[in-house]
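Please look through the model below before reading on. The paragraphs that follow lead from single residues to the chain as a whole.

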Amino acid sequence: MKPFGYVVAPDPAAAVAIVTMRPGAAFLGGGTNLVDLMKLGVVAPDVLVDVTGLLPDRVERQPGGGLRIGAGVRNSDLAADPQVRAEFPVLAQAVLAGASGQLRNMATVGGNLLQRTRCLYFQDVTKPCNKRTPGSGCPARAGDHRNLAVLGGSLHCVATHPSDMAVALAALDAVVHVEGAAGPRVIPLSGLYRLPGDEPDRETTLERGDLITAVEVPARPYARNSAYRKVRDRASYAFGVASVAAALDVAGGVVQDVRLALGAVAPVPWRARVAEQVLAGRPATAEWFGRAADAELAAAAPLRDNAFKVTLARNIVVRMLCVLAGVPAGDTA
Ligand SMILES: Cc1cc2nc3c(=O)[nH]c(=O)nc-3n(C[C@H](O)[C@H](O)[C@H](O)COP(=O)(O)OP(=O)(O)OC[C@H]3O[C@@H](n4cnc5c(N)ncnc54)[C@H](O)[C@@H]3O)c2cc1C
Ligand code: SF4
């Protein structure tokens, strides 16, 4: 590993200034992704700016009933927070579905959102990869892509976004607070990530030196009736093959409001807005849930070995919504 320096900045503004001015500097959260990538030679910062002591590390109630989650909150603390568990169960479940207890004890909210893809070629510096080395090619398209994207990919990259937490936050309409060289700003979570297009190396809309300081989740009637379901090759300690974050408000058997996001099937946490629109005002039945999932997944463009993810995602959506609506799934899922 290349030698690197370690700095603890006195405050967030100083941390932002260092990373903005110094191209080789990187923020250090829990280090559970960044340091792994440094060991693999995928990234080689010359100085790490530790932000764990600078960022808010509490989950705070907002006046409207929503929550403000400090970017320094450890993943374990977020999942254990009584307000999160009771009022936003999808978020607690998504965080617990990720990594292991030890990793969640170290990992921060800010670092979780910005963790990098698990595409095997991205992590192997002996292989070409457009995301790691722009213009070098994407061997995954013809190679091992069983667990890569079926939605939102491009000819240049079909990597999936790895975070479970981000999928739940996408469904919950979360916003991200950022401190940058030009001051603070707020970005909807859905506007934080970029599809790969012909620039897969640009994964987010953040600028160099932008520091995530907090995430805010609004209070909504559907948030309490929400859940996360992740299907993976192994029952624990594994990244998803497909996952769904769902929140549903039903009255008199009719969908009042619904929020859906898919994980592990796209380069970004995939907000299923087409499915949401299909369901608004419709009967809360397995049949309609299936129609909505089909409408969303009509845009899927699977590769040779991952078409099964389309069926899998559809079935999880239907099953999850049936559970939340309290209706039988029948043989549609
Ligand atoms: C074996 C293993 C299994 C895992 N399984 C899962 C899984 O199933 N699901 C899942 O979701 N995750 C999984 N993870 C990933 C884990 O959740 C992430 O490594 C972790 O959340 C990253 O958080 P961190 O604080 O350690 O980030 P770091 O590694 O410190 O940083 C990650 C990136 O974010 C940047 N950064 C950190 N904080 C900020 C900030 N506040 N503002 C701006 N930039 C920042 C860093 O510069 C770096 O680029 C797994 C990890 C491992 C090692
Ligand atoms: S899918 Fe993306 S990350 Fe994977 S090899 Fe292709 S360009 Fe690289």
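Helices (H or I, at least four residues) and strands (E, at least two) are here DSSP runs, numbered from the N terminus. The structure is a predicted model, for which local features need pLDDT of at least 70, side-chain atom pairs count only at pLDDT 80 or more, and totals for chains, interfaces and linings use all residues. Residues are numbered from 1 along each chain as its sequence is written, chains are lettered from A and ligands numbered from 1 in the order in which they are written, and side-chain values use heavy atoms, with hydrogens and water left out.

If residues up to four places away in sequence are not counted, Thr213 touches Leu55, Pro56, Gly70, Ala71, His177, Val178 and Glu179, where contact means heavy atoms within 4.5 Å.

Val255 belongs to strand 11, residues 254–263, and counts as buried at 2% relative accessibility. Among the contacts of Val255, leaving aside neighbours within four places in sequence, are Leu248, Leu279, Pro283 and Phe289. Val255 and Cys322 are 67 residues apart in sequence, while their C-alpha atoms are 12 Å apart in space.

The next topic is the nonpolar core, a set of buried Ala, Val, Leu, Ile, Met, Phe, Trp, Tyr and Cys residues joined through side-chain atoms within 4.5 Å. The largest such core has 88 residues, of which Leu78, Leu91, Leu113 and Phe289 touch the most other members. Helix 11 (residues 308–325) contributes the largest share of this core, ten residues. Apart from this core lies another, of 13 residues, including Ala140, Ala149, Val158 and Leu303. In soluble globular proteins, nonpolar side chains tend to be buried together.

For the protein chain as a whole, there are eleven helices and twelve strands. The radius of gyration, taken over C-alpha atoms, is 20 Å, close to the 20 Å that the globule rule gives for 333 residues, so the chain is as compact as a globular protein of that length; the rule is 2.2 Å times the number of residues to the power 0.38. Buried residues make up 51% of the 333 residues, and the C-alpha trace spans about 60 × 50 × 35 Å along its principal axes.

Definitions and conventions: Buried means under 20% relative accessible area, exposed over 50%, partly exposed in between (1.4 Å probe, protein chains only).
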